[in-house]
Amino acid sequence: MERGADLDRAVAVLRGGGLVAFPTETVYGLGADAASEAAVARIFTAKGRPRGHPLIVHLAEGARLDDWAIEVPEAARRLARAAWPGPLTMILRKGPRVAAAVTGGAETVGLRVPAHPMAQALLRGFGGGIAAPSANRFGAVSPTTADHVASDLGDAVDYLLDGGACEVGVESTIVDLSRGRPVLLRPGGLPREQIEPITGRLEGADAEAPAAPGTLASHYAPRAEVLAVAPDEVPAAVAGARRLGAKVAVLAPAAAFAAWPELAAELAPELAAELPGDACRSYRLPDDVAGMARGLYAALRDLDAAGVDVVIAALPPAVGLGEAVGDRLRRAAGPRRDPS
Ligand code: TXA
Ligand code: MG
């Protein structure tokens, strides 16, 4: 795998039908030419992702919605003006330019204009849409650094654009505007509070909503077992897990640890092996919810690398970005899929 910050090289790889991993403000994406069936097919192989699961098409700032979608409702145009470029994906009825492989045969397409300057430069240089899921293996935690991408996908990527760590840290918010009433399919980097003044109240996904892998209960899962609990339930959850002899770590905002003096053993991956088996590790996230979101996936990866068996995660209030952080923690805690 080639890695660097050479945009011309990245554009050439996309034009040749190859795969480019690139940074966005949310997480890294694994991109291919959205108009090429063959290039898009390679994404599914690289990720080990089932073909029926649709991909988001990423567009340059100023791209015309009507080039990629049909029957675009007025609410979608208002939301695009207010929130793009930014961490929002809209589901709309798909236009003819979108390769069938992108949507897995569905009549809708997810569109997003990312805010990361390197993603925008790539999109401008390429000139078309870039279909891209998160650049991790299917079912795993999304990558927020180039190193995460390299360790998950390695040589399956033709070129890895390294743009440093992602600002937002959780995936885009997905709003379905293709079915009359606006539906929140996935809370994410754009809080509900910034969407509802424009679209009206967002409904929750129901049985009619198209199956999306990101909405499976057990998606975004690290190897360790995760228990997502309210902060005041952390000590009891720790005691329960330690009785089972598990290597336990608590993942919470730094300030929360003041209430749990017995959990003082700091976690550092190089220290984990030295701590006695009955010591509970702590992993401190920033106290503000934006910092929690930014650090969440790297934390789950670090905890896996340290060989932790059980992660007890403190849920933040479901306000602003807290809704997305809580959603990802609950999914990480969801029932395990078969490990393929
Ligand atoms: O922040 C993000 O959205 C990142 C960056 C790279 O843009 N992308 C991302 O893609 O998270 P992915 O494929 O890992 O998750 C996209 C989710 C999936 O759950 C997919 O099923 C859903 O969006 N999705 C895509 N197109 C859809 C459609 N037409 N209808 C319903 N769900 C759709
Ligand atoms: Mg993903």
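Start by colouring the chain by pLDDT, the predictor's confidence in each residue, which runs from 0 to 100. The mean pLDDT of the protein chain is 90, and 89% of its residues reach 70 or more. Now select residues 267-273: here the pLDDT is below 50, and beyond near neighbours in sequence this stretch has eleven contacts in the model, where contact means heavy atoms within 4.5 Å.

A word on how to read this tour. This is a predicted model, in which local features need pLDDT of at least 70 and side-chain atom pairs count only at pLDDT 80 or more, while totals for chains, interfaces and linings use all residues. Residues are numbered from 1 along each chain as its sequence is written, chains are lettered from A and ligands numbered from 1 in the order in which they are written, and side-chain values use heavy atoms, with hydrogens and water left out.

**The whole chain**

Switch to a cartoon view. The protein chain has twelve helices and 16 strands; these are DSSP runs numbered from the N terminus, with helices being H or I of at least four residues and strands E of at least two. Of the 340 residues, 56% count as buried (buried is under 20% relative accessible area, exposed over 50%, partly exposed in between, with a 1.4 Å probe and protein chains only). Among contacts between residues at least 6 apart in sequence, 70% join residues at least 24 apart.

**Helix α6**

Next, select residues 117-126, which form helix α6. How many of its ten residues are buried? Seven are, so this helix is mostly covered. Show the side chains of M118, A119, Q120, A121, L122, L123 and F126 to see the buried ones. Around them you will find α1 (7-15) and the strands β2 (20-22), β3 (29-33), β4 (56-58), β8 (130-132) and β9 (159-161), against which they pack. Just after the helix, G127 takes a positive phi of about 90°.

L7, A10, V11, L14 and R15 of α1 meet M118, A121, L122, G125 and F126 of α6.

**Helices α11 and α12**

Move on to residues 289-305 (α11) and 322-332 (α12), which pack at an angle of about 30°, with their axes 9 Å apart. Because of that angle, α11 is roughly parallel to α12. To see the contact, show V289, M292, A293, L296 and Y297 of α11 with G322, V325, R328 and L329 of α12.

Zoom in on E71, in the loop between β5 (69-70) and α4. Its phi is near 50°, a positive value in a residue other than glycine. Is E71 buried or exposed? At 60% relative accessibility, E71 counts as exposed.

Follow the chain to P85, in the loop between α4 (74-83) and β6 (88-94). A cis peptide bond joins W84 and P85, with omega about -5°.

Finish at V234, in helix α9 (residues 234-243). V234 has 0% relative accessibility and therefore counts as buried. Select A252 too: V234 and A252 are 18 residues apart in sequence and 9.5 Å apart in space, C-alpha to C-alpha.

Methods:
Axes are lines fitted to C-alpha atoms, for helices over the stretch in contact, and angles run from 0 to 180 degrees between N-to-C directions. Angles under 35 degrees count as roughly parallel, over 145 as roughly antiparallel, 65 to 115 as roughly perpendicular and the rest as oblique.
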